[in-house]
Amino acid sequence: MTGEILATGGESAAPLRRTKADSPLKRILAAFFEDRLAVIGLVVFVLIAAFAVIGPWIVPQNPYDLAQLDIMDGGLPPGETSFSTGGTYWLGTDEQGRDMLSAIAYGLRISLLVAFVSLGCAITIGVTLGVVASYFGGRIDSLIMRVVDLQLSFPAILIALILLALLGRGVDKVILALVIVQWAYYARTVRSSAIVETRKDYIDAARCLALSHRRIMFRHLLPNCVPPLIVVATVQIAQAISLEATLSFLGVGVPITEPSLGLLIANGYDYLLSGRYWVSIFPGIALVATIVAINLVGDRLRDVLNPRLQK
Amino acid sequence: MIVYLMRRIGQSLVAIMVMATLVFLGVYAIGNPVDVLINPEATQSEIAATIARLGLDKPLWQQFLIFVKSALQGDLGNSFVYGRPAVDIILERFPATMELALVALTLSVVIGVPLGVYAGLKPESIGGRSVMAGSILGFSLPNFWQGMLLILIFAVLLGWLPAGGRGETVQVLGMRVSFLTWDGLQHLLLPALNLALFKMSLVIRLARANTREVVTQDYVKFARAKGLSTRRVVLVHVLKNIMIPVVTILGLELGSMVAFAIVTETVFAWPGMGKLLIDSIKLLDRPLIVAYLMLTVLIIVTINLVVDVLYSFLDPRIRLSEVKG
Amino acid sequence: MRKVSTAMAAALVSATMLTPATAQDGELTIGLKSEATSMDPQFHNLSTNTQVLQNVFQALVEQDATQSPMPQLAESWEAIDDTTWRFKLREGVTFHDGGAFTARDVIYSVCRIPMVENSPSSFSIYTQQISDMRAEDPHTLIIETDGANPLLPVESATWAILSAEAMGAEEELTYGPDGSCEGMGEVPQSGAFNDPAIAVGTGPYVLDSFTRGSEMVITRYADYWGDAPDWERVVMRPISSTGPRVAALLAGDVDMIEQPPIQDIPRIEEAGFKIVDSQSNRVIYLAMDQDGEAPGLGGTDGKNPLTDAKVRQAISLAINREAIVERIMGGYATPAAELLPPPMFGTSGRAVDPYDPERAKELLAEAGYPDGFQITLGTPNDRYVNDEQVAQAVAQMLARIGIQTTVDASTASQFFSRRNKQEFPIYMAGWGAASGEMSSPLKSLVATHNPDAGLGVTNAGRYSNEELDSLLGEAMKTIDDEKRSELLQKAEGVALDEWGILPLHYEQTVWALAPGLDYTPRVDQYTLAYAVTKADGEGDAE
C-alpha cells in the first residue's frame, strides 16, 4: 500500500493510456530535465554511485582488512592525523581506528549492492508472475494475485525482520529477505497495466497467429508495462536501501565485519550522545543523501511517465 | 457480500496459520533458548530438567501438534522467559503500542492534510513546492535515523523533552495511557512524531493529489463562480472529498504503524509490544514471537477487512470484488 | 568542517550543563538495565531478578560488597561434620504480614524451589545436594548434604525465604529432597506473586506494585529487623537502551543508573553527577578449541594449531591488553592474568602476560606456522561491556602476527547455542563467579567436560588436564578455607601455565548517581536499592 501511494503520488491506480506512454524517449527526457530538483537528485546520485564504485581505489584504507586498522587511532575526530601511518582522517575514525571516509565508501557499496541485486531479482520474479497472471487470467491469475494481496497486506519490515531473525546475519540473507518483500509490488504493477493490453485486438491477433505464449507475453505485453515499472522501481530502490539500513540498525542485517551504512550509523549511535558525533552523523548523511536523490528522481519520473498529470 | 466476507476471513485464517507454522519451525531452528536462559553453572541434569519443563525435549512434530492443539483452544503457550501465558504478556504491552500508533496517526492527519491541501491549491508557489520537497525528505529519512536526530536535538541539545520511556500513566478503562498526564504527554511526543513523519508525507501527497483533482471539477468551479470564498470552497468541498481516501489509506496504514513501532520503540525505549518482540527474538522466546505475530497479523487482517467493508458503504461506486486490480 | 564540529561540541557541552536533580525527599528512582522476569524470587536464577527482589526477600546468608558471606537471617553457622551444618537463626524477625520468622519458613522455602513451574533457570542447582533439613528448635536448623559441600553457606544466599504461613503450608512440614516434601499445601506459582498478600518477605521493603515494562515500586517496611533504609519509597524503572538511560539521569527523571556506557562517563561527570565503580567478579577470556579437529580454521593443512601450547602462548602475547582497556573500555577495566580478580578467594596474584608481538611471531614460527593461519573468532554482541568491539580489537592484534581473524558476532542467544555446539575454534566470553571464589570458574571453564557431574559445562574449547581435575576435586571436598584456597590456586596455575585459557580483562562495574547519593560499589554488579544512601553533607555537592 505504502509503495503504491509513493509510486502513484496518491492517484488511484489507473492504467496508462497507450497513446501517451508511447511518446518518444526524447520527450520524456526533456520533460524530466525541466525540473531542477530532479536534475540535482540525478547528479547527486550519479556522484554517490561513482564514489561507491571507484571508492576502494581512492580511499586511504580498506576498513574490512583488520590488519590495516590500528586501535591506537580509535576515536579520532575529523581532520586528525594517524599515529601509525601519518595520514589524515578527514572524517575521523571510530573506536576501532576505522577511517570513516573509507568506511562510508565501502558501506555505500554494500548498501547499493544489496538494493540493486534485490531489485533485479524481485523485478524478474515479479514481472514474470505479473505477466503470466494477466495473460492467462482465470485461476492462475486469481491464485497469483491472492498471494500478492496477502503479501502486500503485511508490512515489509515485519516480514523482513522475522525472516532475518530466522536466517541470521549476512549480505546474501538480507538480499533474499528484500526480494521476498518486494516482488509483489512489481507483480501487481505489471499485472494492472498488462491486463488492459490483453483485452486488445492485437493480442488476440497474435494468439490467432499461434505465436508462442512466451513471445506474446514478453515481446508484446511487457513493453507496455515499462513506464509504471520504472516508477515503482525507483521508489522501491529507495525503500530497499532504507529497509536494509533499518534492519542492520536493529541488529539483524549485514555482519559487523562488513558494515553497511545502516550498521555504521548503528555502531555510532552509542557514541552520538557522548559527543563523538562523526561516527554516526557522516554515514547518516551519506545514507539520507542517497535516498533523497533517488526519491527526487523517482518523483519527477512519476510525473513525467504518468499521463494523467500531464496538461 | 456475505460470500465475499467468508472468503476473505477464510483466506486470512490460512495466512495466519501459515505464518505461525513457519515461524514456529523457524525459531526452533535458530538455537536452543535453554542455552541463554539457564544459569551457566547448571549441571546436565538441571539443563535436561529445564528442557523438559519447557516442553523442548519432545520431537519437533510433537511440540508442534501440542502448539496447534492448544492454539485452537485459544492458548498460545507460556512464555519461556516469563513462565506465563504469552498472550497475557503481549496484551500487557498492547495499550502502549496502540496509544503510540493512534497518536502518530492523528498527528499525521492533523498536520498532513492541511499541508497537502495547501500544496494542492498552490502547486507552483514556493510554499507548495517546499511542502512537497519536505514530504520527499519525510519518507526518505529512515525511521531510526529520524528518531536519533529527534533525540539528539530535542532531548540532548535542547533538553526540552525526555529521551525515552513512557512517563507517568493513568488507568482508563483498565488500560494505562500516558496522554492524559503532562509527564506522559511529554514522553509521548517525540516517539509519536517519529512514527508519524513517514505517514505524514504520505498524507501530504495524497491530500495534494486529490485536491488537485477536485479543484478542476465542475462543482468546485461552480461554487467559486457563485462567489463563495476560496476558503469556504476548500473547507467544504475539497475536504469532504479527500477525507474518504485519506481515512481509508490511514486505516490500512495503522497495521504498518504497529509494525514500524518496532523501530520507534527500540530507539525511544517505549515499553510496547514491538520492543517486546525484539527482546523475545534475542532470547528465542518462541511462544512470545509466535503470539506477537499472530496477534499483529490478526490486527492487520481485521483492519483491512473493516476498511474494505466501510469503504463499500461510504462509496457505493466501489463494489467489493475478489481481486483488487 | 572544523566549524561544524566546534559548534556541535559546544552544543553538547552546553547540554551537559543541565543542573542535576537531587532525589526527592524520601523517594529514590533508579534506572535499571533490564527488568525482572517475575516477582517470584524463586522463579528465575538471574541477577536482574535477584538484585531487585533482595529488597523484599532475604536469605540465611548474604554476600557483602566483596561477596564475602555475612549473616542475614542466620546469625551464625557451623559445620558439625563434613556433611552436616547447623544454622542459628535470627530471632525477632517478622514477615511483612506480621508473622514470625522460624526454621519452618526456611524448610518451606527450600522445599518450594524445585516445585516452581516453568522456571527457565531453576535455583535447584543450589538445593539438590540437600538430603535432609530439620528444626532442632524454632531458631536452630540442621542441614545435611550428600557428600561434603564447603560452599553450602554461600549457596544458601540464593534461597529466598518465603513465609510458609502466607503461602498456605500445612502445620506438619517435613523435608524430602527434589520436591518430595510433605505438608506443602497448595504451592502458589509465580503468577501469584503480583499479589502483595503472597509476596511476603522479611526484607527492608514491601512490594507495592509491578507494572511490566514500566516500573516496580517498593515501600519501606516499618517493622524491619535491621537498620531502616534511607528511602521511604523506591521506584525502579527498566531503561534498556543506554542512551535514554543516561539522558534520563541527566534530565533528572531518575536519581541513579546502573552501567552507564563507558564513553558517556566523562560527560556525566562534567554534568556534576557522581560516578562510583568497582572491579567486578567477571573476567572476559578467550577459549580455544583443543579437541583435535576444529571448524573455522584455514591454512593449517587440516591440523588444529591450537592444540600446541606455543600457538596459544603466541596468541596471548599478541594481545595488547593495556590498549584494549585504555581504548575500548575507556579505562574501566583491568588487564587480567587470572580467572577471578585478586584478591578474591583462590587467586594467586600472578603477573599479566606481556604484550610482545615479536616473541609471538617467533613462537608461531617455532610451532610450524611462520605465515600464520586463518581463524574465526566467535563473540556475543550484546552480553558484555563493548564485547563486539573488544573482539574486533583482538582480531586486529592477531592479524598483526599473521593470524588472519574473522569476527563472527551474534546476539547472545545464538552465540551461546553455537558455542555449546563447538562451532568456534576460538571464542570470547565472560564469567562472573556467583560464589565469589575460584572454584566457580575452574569448575565451569577449565575442568574436563563432564556435564553429568556439572564439570566443564561451559568448557566448549574442551581443555582438559587430569592434574587440574584432581586438584579441583580435592578442593571441592575440603571444608577448611586455607587448604581449599591453596588447592584452588594450584589448580588454576595448571591451566594458565599451559595457556589453556586466556584471560583478557576484568570488567569494572559503574554506577552514576545524583550528587546527594552514595552507593558502595559491588563486585557482583548488583544494584541494591536498600544499600543506596544519602551522602553525608547532602546539598553541599551542588
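Chain B has 12 helices and two strands, where helices (H or I, at least four residues) and strands (E, at least two) are DSSP runs numbered from the N terminus. Please keep in mind that this is a predicted model, in which local features need pLDDT of at least 70 and side-chain atom pairs count only at pLDDT 80 or more, while totals for chains, interfaces and linings use all residues. Residues are numbered from 1 along each chain as its sequence is written, and chains are lettered from A and ligands numbered from 1 in the order in which they are written.

Read from the N terminus, the order in chain B is α-α-α-α-α-α-α-β-β-α-α-α-α-α, and its C-alpha atoms fill a box of roughly 85 × 55 × 35 Å along the principal axes.

Now to the pair in chain A: how do the axes of helix α11 and helix α12 cross? The axes of α11(A), residues 226-249, and α12(A), residues 261-272, come within 7 Å and cross at roughly 40 degrees, with axes being lines fitted to C-alpha atoms, for helices over the stretch in contact, and angles running from 0 to 180 degrees between N-to-C directions. The two helices are therefore oblique to each other, since angles under 35 degrees count as roughly parallel, over 145 as roughly antiparallel, 65 to 115 as roughly perpendicular and the rest as oblique. On the α11(A) side, the contact (C-beta atoms, placed from the backbone, within 7 Å) is made by A:Glu244, A:Ala245, A:Thr246, A:Ser248 and A:Phe249, and α12(A) contributes A:Leu261, A:Gly262, A:Leu263, A:Ile265 and A:Ala266.

Note on methods
Contact = placed C-beta atoms within 7 Å.
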